[in-house]
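Today I went looking for aromatic contacts and charges over rings. Here are my notes.

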Amino acid sequence: MELVRYHTNPGFEDVEVGETTAELNTVPEEKGCSAAGTRDVDASEEYTQIKPYPGMPKEVLLLYSSQARYRVPREIIFWLTVACTAALVGLTATVIALSPRCLSWWQTSPMYQLYPRSFKDSDGDGIGDLKGILQKLDHFQYLNIKSVWIGPLYRSPMKDFGYDVEDFRSISPEFGTMQDFEELLAEMHNRGLNLIMDFIPNHTSDRHPWFILSRTRDPQYEDYYIWADCNQTAPRPNNWVSVFGNTSWTYDEVRGQCYLHQFFKEEPDLNLRNPRVRKEMIDIIRFWLEKGVDGFRIGSAKYALEASHLRDEPQVDPNKPAESVTSDEDLHRDYTTSQLGLHDLLREWRAEMDAYSHEPGRYRLMVTESYDYHEVEKTMMYYSTPLAKESDLPFNFYLLDLPQNNSGLWVKQLVDLWMANMPRGQWANWVVGNHDKPRIASTAGQTYVALINMLLLTLPGTPNTYYGEELGMENINITGSQDPAGKYNMRASRDPQRSPMQWSDDINAGFNNKTNVTWLPLHPDYSHVNVEVQKTDEGSVLAQYRFLSILRQSELPLYRGWFCYIYADADVFAYLRELDGLDQAFLIVLNFGTKSKMTDLSAVPELPQQLRVRMSTNRANDGKLLQKSHIQTEAGEGLVIEYSSHTRFNPNHLDECFISEKACYLKVLGLLYTC
């Protein structure tokens with residue numbers, strides 16, 4: 001026998017006790033019976049004794065579903081669902097519409113510049129290489145760095161250590177192979193890192209096939225470079241001078257003309273007014289973008305074009321004899337830099353990069369290098385405009401002058417030189433060292449290294465760190481020069497700031513663990529100024545750099561808030577970082593002076609009376625509570641002070657405050673919105 005599940009109908013009325021079967025089977029005669037003896041009643045009479053139950057027939061379901069007590073709740077639930085869905089869609093659309101633009105990858109962390117010859121040697125030849133960089137990717141993640149700019153890797157005779165390019169589409173053998181490059185790039189992307197390449201459009205090596213063919217007047221390449229009539233005895237078509245000194249013209253016996261070189265004579269200038277040369281440059285950009293690189297630093301951008309009339313440059317001192325003009329500082333450079341058409345050229349390259357920037361998270365960055373010194377308005381012209389996209393970041397080199405004056409007022413002046421001239425809505429950046437300039441630890445002194453890193457990492461915009469600055473590495477002393485610039489003038493050598501990275505206190509500072517060879521000498525302080533040692537010391541330059549790098553990304557006021565000048569004197573420079581709608585804010589107090597200083601900020605009503613030190617370059621002061629009228633700092637000490645206040649500083653001091661993209665914080669929902 002098979003047991004079958006069944007349902008009990010609680011609405012069924014059983015027979016009363018005493019009723020007979022016959023009585024149950026008797027059907028009373030009623031009006032309306034059919035001829036067959038079957039009752040002809042409607043469904044409402046037929047099912048009056050039945051309640052809804054699982055498995056009920058369609059007739060019963062339809063009977064009860066139409067009743068008000070079932071229909072009304074069902075309709076209420078339906079319309080509530082519709083209303084909630086519409087509200088969610090509307091809220092989502094509102095959030096999207098009001099949300100500020102997400103910051104791009106190059107805005108969210110410091111940019112790290114490494115000099116490939118000096119970063120890490122993997123094969124024991126004494127020269128850094130691509131596999132060495134691959135081995136040290138953990139270092140960038142430890143520092144919370146997402147953007148890495150690698151110096152030139154192209155095949156080169158190395159007369160200018162890679163800036164004299166022989167082949168733009170291959171890797172110099174001393175750095176590795178194209179496969180090594182692709183493996184490095186893939187692993188960087190796997191780790192969320194972005195690679196920025198050096199792009200050198202102004203010149204090539206004199207061994208480049210283009211130049212060799214141009215010397216022989218090949219019809220296609222004849223005008224790839226800047227040639228001018230001259231002779232061997234008087235090879236100076238005009239008074240133009242190389243960046244490294246002496247005439248910028250060299251006579252070529254094969255062609256019987258002079259070629260222009262604004263740098264070394266082994267680096268002839270390309271003729272970027274030639275459409276074929278411009279196309280070659282775009283093809284090169286496309287080649288590396290196809291590989292997957294995330295951006296380019298355009299080297300020597302302002303030298304890309306020269307005046308075609310080749311007139312003499314005006315002298316700075318008109319009374320100086322013409323034959324004595326041997327330095328580029330003797331000339332105004334009116335015809336050899338920042339020429340008409342330069343920005344059109346850069347916009348062409350930017351447009352090509354934009355074509356590869358559509359994939360989410362794969363924006364291609366353009367950085368331009370141009371030392372314009374007192375002509376800061378020329379540097380600002382590299383920024384994009386609302387009508388035309390160009391450079392995302394023209395490098396800001398003005399903080400390189402920090403060591404000229406130990407003064408808070410001087411630091412404010414250098415910062416304001418950029419902030420006051422930067423076009424509205426653009427993103428700032430800050431540089432205190434690179435491969436061409438002496439290390440900041442040597443020029444400013446070790447006392448101020450951690451302080452300067454604090455300045456970099458708390459100012460608005462993207463900080464740029466040259467390898468070793470996170471440790472406080474210093475220049476080395478040299479007796480001879482590998483750098484060709486130093487072979488003409490030892491004081492011009494750039495070798496001192498290019499010494500091998502100091503990883504540990506092992507042999508060769510961990511730069512080369514296989515042989516006792518390094519392409520440049522090590523600094524003798526590597527036994528205690530190195531990554532391995534400083535990782536274990538919470539008060540080290542490295543540990544403080546890491547803390548500030550993480551803090552910068554995790555705290556909204558530092559990440560994308562207002563920047564406001566609050567105080568400056570002969571010693572101290574102080575500023576605020578705050579965000580509208582957020583009570584939390586930061587006060588940065590930096591003592592660039594040579595003595596201890598008590599700073600009184602009681603005249604700033606927006607600051608609460610009591611302040612807490614979130615971090616000091618002197619660890620003994622971490623966590624201290626201070627009164628705003630008595631903020632004590634030692635020489636070279638910096639404080640990141642955290643406080644909470646409902647009152648913002650910027651609304652009443654707009655002339656002292658800056659923000660690139662304004663956003664406000666909605667505390668109730670914990671999100672940012674455009675305001």
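I began with a cluster: ring pairs join Y154, F168, F181, W210, Y221, Y224, F287 and W288. For pairing, I took rings of Phe, Tyr and Trp (its six-membered ring) with centres within 6.5 Å; planes under 30 degrees apart are stacked, over 60 edge-to-face, and the rest tilted.

A word on the source: this is a predicted model, where local features need pLDDT of at least 70, side-chain atom pairs count only at pLDDT 80 or more, and totals for chains, interfaces and linings use all residues. Residues are numbered from 1 along each chain as its sequence is written, and side-chain values use heavy atoms, with hydrogens and water left out.

I then searched the whole structure and got 36 aromatic pairs. One of them is F119 with W503, edge-to-face at 5.1 Å centre to centre and 80° between the planes. F119 is in helix α5 (residues 116–119) and W503 in the loop between α16 (484–488) and α17 (531–535), so this pair ties together parts 384 residues apart in sequence. Helices (H or I, at least four residues) and strands (E, at least two) are DSSP runs, numbered from the N terminus. I found both F119 and W503 buried, meaning under 20% relative accessible area (1.4 Å probe, protein chains only), with exposed over 50% and partly exposed in between.

Next I checked Y154 and F168, which pair edge-to-face at 5.6 Å centre to centre, with 65° between the planes. Y154 belongs to strand β3 (residues 154–155) and F168 to strand β4 (residues 167–171), 14 residues apart. Both are buried.

Last, I looked for charges over rings (NZ of Lys or CZ of Arg within 6 Å of the ring centre and within 35 degrees of the ring normal). K437 lies over the face of Y371, 4.9 Å from the ring centre. The charged end of K535 is over the ring of Y142, at 4.5 Å from its centre.
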